[in-house]
Amino acid sequence: MTDFPGAPTAPSTGRLRVLAAMSGGVDSAVAAARAVEAGHEVTGVHLALSANPQSFRTGARGCCTIEDSRDARRAADVIGIPFYVWDLAERFREDVIDDFVAEYAAGRTPNPCLRCNEKIKFAALLDKAIALGFDAVCTGHYARIVDLPSGERQLHRAADAAKDQSYVLGVLDADQLAHSLFPLGDTTKDVIREEAERRGLAVAKKPDSHDICFIADGDTQGFLAKHLGSATGDILDVDGTKLGEHDGAYGFTIGQRKGLRIGRPAADGKPRYVLDISPVNNTVTVGPVEGLDVTALTAIRPRWCGTEPLADGRYTAQLRAHGGEVPVEASVVDGELHVRLDTPVRGIAAGQAVVLYDGTRVVGSATIATTERPAVNA
């Protein structure tokens, strides 16, 4: 039996009972095929996350359509594994969509992919899998699990830095890692597509989905307006001068430059950016780009991919799903993560996730609650 790095310890039979989450895309299909090739007993499952799924995707936008379900079933047939569709639409709505709307209403900028991994793929799905006697859940995420002689399992970045998805997996705890399989962590996307073609999988050239999966048309502001309605408020300069009005503070994000609808130029002639969103008084504050520099932050609800750090430490931090790393000093105080950045990072918003790394190892993740920024003048 040829296994891949990071597979959980198999029972005495040498085979794991694996539940492969199959989205209908190429990555999850190849991940399932590799689990079968490794000699494990694999069952495929597609998660129906939409209460009213569309028949077809819009290019690379959206997911969980009827087309995706059919693509997943065809892939399972080619691989030769049993296949089921599980309806988790209500749980997804409560834990991901409702949370997304509530976070924007509170002036924060959430990452629904992290929330989905935490609450759906590695909580609801994994819990159900374990209850049914499965040993592990397999997904097509690009990340690696490293097993230490001590028995500890660590989450690491993928070999393909361009496809690495460890940031959105930073919410996984030690128990969840113990039952996780990521067969694609040591390879590249090009290799995966070639492998899918070789295996006769019709999804080999299917475009990757992107943006927010439950907003297929990409119109986040329109989606939020539908759920939150119109709420006119003021757009202010940093000195409190009213520059214009908006239809809803939720339609803005920290660091936004375009679409501000303020007619009067700044005194220095330079562009303004969104610096603050206040749901309490329904205002949006704009100012110079320097006002976006974040030097420190406090994050709540930390989740550790293993043992919680016991003392202050030096790490690198990733602050966006597709952002780079910055060296930081981090400590845990009264259950909160305090992070001081060696160099300022612009446009970091409350509600986003900070993920700490020690080299390629994921230490843990937390939700940004507050940021520190130097004072600026209008």
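Which residues form one aromatic cluster? They are Phe-92, Phe-100, Tyr-104, Phe-214 and Phe-223. The model is predicted, so local features need pLDDT of at least 70, side-chain atom pairs count only at pLDDT 80 or more, and totals for chains, interfaces and linings use all residues. Residues are numbered from 1 along each chain as its sequence is written, and side-chain values use heavy atoms, with hydrogens and water left out.

A pair of aromatic rings is described by the distance of the centres and the angle of the planes. Here, rings of Phe, Tyr and Trp (its six-membered ring) pair if their centres lie within 6.5 Å; planes under 30 degrees apart are stacked, over 60 edge-to-face, and the rest tilted. The whole structure holds 6 aromatic pairs. One of them joins Phe-122 and Phe-182, edge-to-face, at 6.1 Å centre to centre and 70 degrees between the planes. This pair links distant parts of the chain, 60 residues apart. Phe-122 sits in helix 4 (residues 112–131), and Phe-182 in the loop between strand 7 (180–181) and helix 6 (189–198). Helices (H or I, at least four residues) and strands (E, at least two) are DSSP runs, numbered from the N terminus. Phe-122 has 1% relative accessibility, so it counts as buried. Phe-182, at 6%, is also buried. Buried means under 20% relative accessible area, exposed over 50%, and partly exposed in between (1.4 Å probe, protein chains only).

The rings of Phe-214 and Phe-223 are tilted, because their planes meet at 50 degrees, with centres 5.6 Å apart. Phe-214 is buried at 17% relative accessibility. Phe-223 is buried at 14%.

Charged side chains also meet rings. Arg-17 lies over the face of Phe-134, 4.4 Å from the ring centre. Lys-128 lies over the face of Trp-86, at 4.2 Å. The criterion is NZ of Lys or CZ of Arg within 6 Å of the ring centre and within 35 degrees of the ring normal.

In soluble globular proteins, nonpolar side chains tend to be buried together. A nonpolar core is a set of buried Ala, Val, Leu, Ile, Met, Phe, Trp, Tyr and Cys residues joined through side-chain atoms within 4.5 Å. The largest such core has 29 residues. Met-22, Val-30, Ile-79, Ile-81, Cys-138 and Leu-201 have the most contacts inside it. Strand 1 (17–21), helix 1 (26–37), helix 2 (66–79), strand 4 (136–138) and helix 6 each give two or more residues. Helix 1 gives the most, with 7 residues. Apart from this core lies another, of 27 residues, among them Phe-92, Leu-126, Phe-214 and Phe-223.

Contact means heavy atoms within 4.5 Å. Not counting residues up to four places away in sequence, Leu-201 touches Ala-29, Val-30, Ala-75, Val-78, Ile-79 and Ala-196. Met-22 lies in the loop between strand 1 and helix 1. Met-22 is buried, at 2% relative accessibility. Beyond its neighbours within four places in sequence, Met-22 has contacts that include Ser-28, Ala-29, Ala-75, Ile-79 and Ile-81.

Ser-28 is in helix 1. Ser-28 is buried, with a relative accessible area of 6%. A polar atom of its side chain lies 3.1 Å from the backbone nitrogen of Ser-23. An unreviewed UniProt entry lists residues for "binding site", including Met-22, Ser-23, Ser-28 and Gly-140. Such annotations may be inferred rather than shown by experiment; positions are given in the numbering used here, and feature names are shortened.

How values were computed
A polar contact is a pair of N or O atoms within 3.5 Å; within protein, one must be able to donate a hydrogen and the other to accept it, and residues adjacent in sequence count only if both atoms are side-chain atoms.
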